[in-house]
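Subject: Handing over the structure

Dear colleague,

I am passing this structure on to you, together with some notes on what came out of going through it. Please look at the sequence and the 3D view first, and then read on.

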Amino acid sequence: MTDTTPPDHAAPLAAPTERGAFARMLRRPLAVLGLALIVLIVGAAIAAPWLVSYPPDQQNFDGLTLEGAPMPPGGQWLMGTDLLGRDLFSRLLYGARTSLIIGIVANGIAVGLGTVVGLTAGWMRGWIGTVLMRFTDLMMAFPALLLAICLAAIFRPSLWIVALVIAMVNWVQTARVVYTETTALTERDFIAAERTLGASGARILWHHLLPHLWPTIIVWATLGISTTVLLEATLSYLGVGVQPPTPSWGNIIFENQTYFQSAPWLVFIPGAAILLLALAFNLVGDALREVLDPTQRGRR
Amino acid sequence: MAAYLIRRLIQSALILLGVSVITFLLLYILPADPVRQIAGRSATPEVVENIRRQLGLDQPVWVQYGNYLWGLLHGDMGRSYLQRSEVASLIAARLPATLQLMLGAIIAELVIGLTLGVVAALNRGKPLDTSLMVASFAAVSAPQFVVALLLLYVFAVKLGWFPIGGYGTFSHLVLPSITMGIMGAGWYSRMMRSSMLDVLRADYIRTARAKGLGRMRVILRHALPNAILPVIAMIGMDIGIFMGGVVVVESVFGWPGIGQLAWQAIQRVDIPIIMGVTITSAVAIVLGNLLADLITPFIDPRIKLR
């Protein structure tokens, strides 16, 4: 009596397409945890107007105790109120919008710039490649946070300036990784074959190099959001990032930290939110890296 | 080796030159006028002009940069606009505190990171391993100022084990060191785990076990020293992360190092100090990277320096 159906583990492996990679990622519990956190935070940020009972900037008449202290979490105030009697839950959800917008915009610019620099340097080689990569080395020698603080302090910070400053500091890693991958790829036979066939440089770049670089770019774009969120929070905490009254998780802590011994929730609830968002993108990014395994591409 | 060293030193010098040019240009296009800051709001235009000439700020930018670089090569970083003292001596006075903090952070990250990494590797696939790896991701994702405030709240305010801020004794050093080291601890535990797993799969470990050595002895005497080396080689690279972190950590804990100096200078637009700290940090980062590269071939003789 033989069973003709093959056992599960003999099933053909999913093809390494993006869709297959996503399915394989969903089998990792930590990646699912990360994705769930991202969906939750993005959902809360989008649905903020329907979820909160008070506008984020409203200084509620009953939001302070008779002595003028902030209200602790519970009852009417889900997460308590801040020093000005504003609803912390409301500021937290609107603050998620700030973090996500900066995370996506700043990181998008950084990854785009890094890809262009890395791809150009790896493809052109010669003196252009040397100049670009030496400049990248130079940027690596800057203490990133110090540079960001200086830049943010120089320009009057608004949401977009902060995003731009973070992008200027964060493009370097992507550039280096994309450069390494591109130089490895251009030495492979299929690129030489394309050249022999008379394909133009633009065609090779667009149709043959870029598709191989996508996994790397996706991984770094995901991990980079985490770095960006942390950098924005730090700048805002120091008071040179997103400016109040626009709520940001970092500036909520900046505004309330003098009171943190008696009202710790004002520091630790937004602090936990920053950690969870950064953690979520780190978990997903790490899972993507293992699933897409970009280090193996471009070699063999 | 000598040729490699010389080439790397020249490269490092060029990188530092580039850093000084970029920092100088950035601070030069600063919209806030430092002369106004010094002179005060009620100063007459003549006074403002006078101060501008005294500081050499009326000269074209390349002349200013040339003068600065010339001074820098002679160990002169200029004078602070507001503190009336030499920037070099201000930094020299603050540097020991920062170095002490960085040393503390390196010890903290190695002790926490390596221990957790080894424990995770020895419990591979078990729930303990998974939870340690989630913890290491959390450590990497935690903003330093939140870690700082959390440690202060729990261990200084609630438990009273450590002072709430300040500088001087060993107990002042503990919380800032852990804060600075926690991110590195997250990275090191992950690196240590995979390094340990690699080593444990090696043939010589199987041989050691086969000839009858005890499990603990094999792990401690044969596996650990080999697994630790590639991880230790990374310490030089940490300096870049620390140099950013000192600004936050020192200002939360009131630690009198160069990070605090820089932060105060940024708020007051005291450009010579900002310049000085940036260049000092860049020197530290470049030296750290150089050190990391030079150590590697001693640890793994298969790697040749080109």
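Read from one end of its sequence to the other, chain A follows the pattern α-α-α-α-α-α-α-α-α-α-α, which amounts to 11 helices and zero strands. Please keep in mind throughout that this is a predicted model, and that everything below was computed from it.

As for the overall picture of chain A, its C-alpha trace spans about 80 × 70 × 30 Å along the principal axes, and buried residues make up 51% of its 300 residues. Of the contacts in chain A with a separation of 6 or more, 73% are between residues 24 or more positions apart. The chain exposes about 14,300 Å², and carbon and sulfur atoms supply 67% of that area. On the side of charge, chain A carries 18 positive and 18 negative side chains, with the centres of the two sets lying 11 Å apart.

In chain A, A:Arg91 forms a salt bridge with A:Glu255, their closest N and O atoms being 3.7 Å apart. Because A:Arg91 lies in helix α4 (residues 88-124) and A:Glu255 in helix α10 (residues 249-256), this pair ties together parts of chain A that are 164 residues apart in sequence. A:Arg91 is buried, with a relative accessible area of 0%, whereas A:Glu255 is partly exposed, at 23%. The pair also belongs to a network of salt bridges that links A:Arg86, A:Arg91 and A:Glu255.

In chain B, B:Arg8 forms a salt bridge with B:Asp293, with 2.5 Å between the closest N and O atoms. Since B:Arg8 lies in helix α1 and B:Asp293 in helix α13 (residues 271-299), the pair ties together parts of chain B that are 285 residues apart in sequence. B:Arg8 counts as buried, at 14% relative accessibility, while B:Asp293 is partly exposed, with a relative accessible area of 28%.

Leaving aside neighbours within four places in sequence, A:Glu232 is in contact with A:Ser99, A:Ile102, A:Val162, A:Ile166, A:Val242 and A:Ser248.

Finally, on the surface of chain B there is a nonpolar patch formed by B:Ile6, B:Ile10, B:Leu14, B:Leu17, B:Val21 and B:Leu25, which together have about 530 Å² of accessible area. One of these residues, B:Leu17, is found in helix α1 (residues 2-28) of chain B, and at 37% relative accessibility B:Leu17 counts as partly exposed.

Methods. Residues are numbered from 1 along each chain as its sequence is written. Chains are lettered from A and ligands numbered from 1 in the order in which they are written. Side-chain values use heavy atoms; hydrogens and water are left out. Helices (H or I, at least four residues) and strands (E, at least two) are DSSP runs, numbered from the N terminus. Buried means under 20% relative accessible area, exposed over 50%, partly exposed in between (1.4 Å probe, protein chains only). Contact means heavy atoms within 4.5 Å. Accessible areas come from the Shrake-Rupley method with a 1.4 Å probe; for residues, only the protein chains shown count as cover. Lys and Arg count as positive and Asp and Glu as negative; His and the chain ends are not counted. The place of a charge is taken as NZ of Lys, CZ of Arg, CG of Asp or CD of Glu. Patches are made of residues with over 30% relative accessible area and no salt bridge: like charges are joined within 9 Å, nonpolar side chains (Val, Leu, Ile, Met, Phe, Trp, Tyr) within 5 Å. A salt bridge is a side-chain nitrogen of Lys or Arg within 4 Å of a carboxyl oxygen of Asp or Glu.
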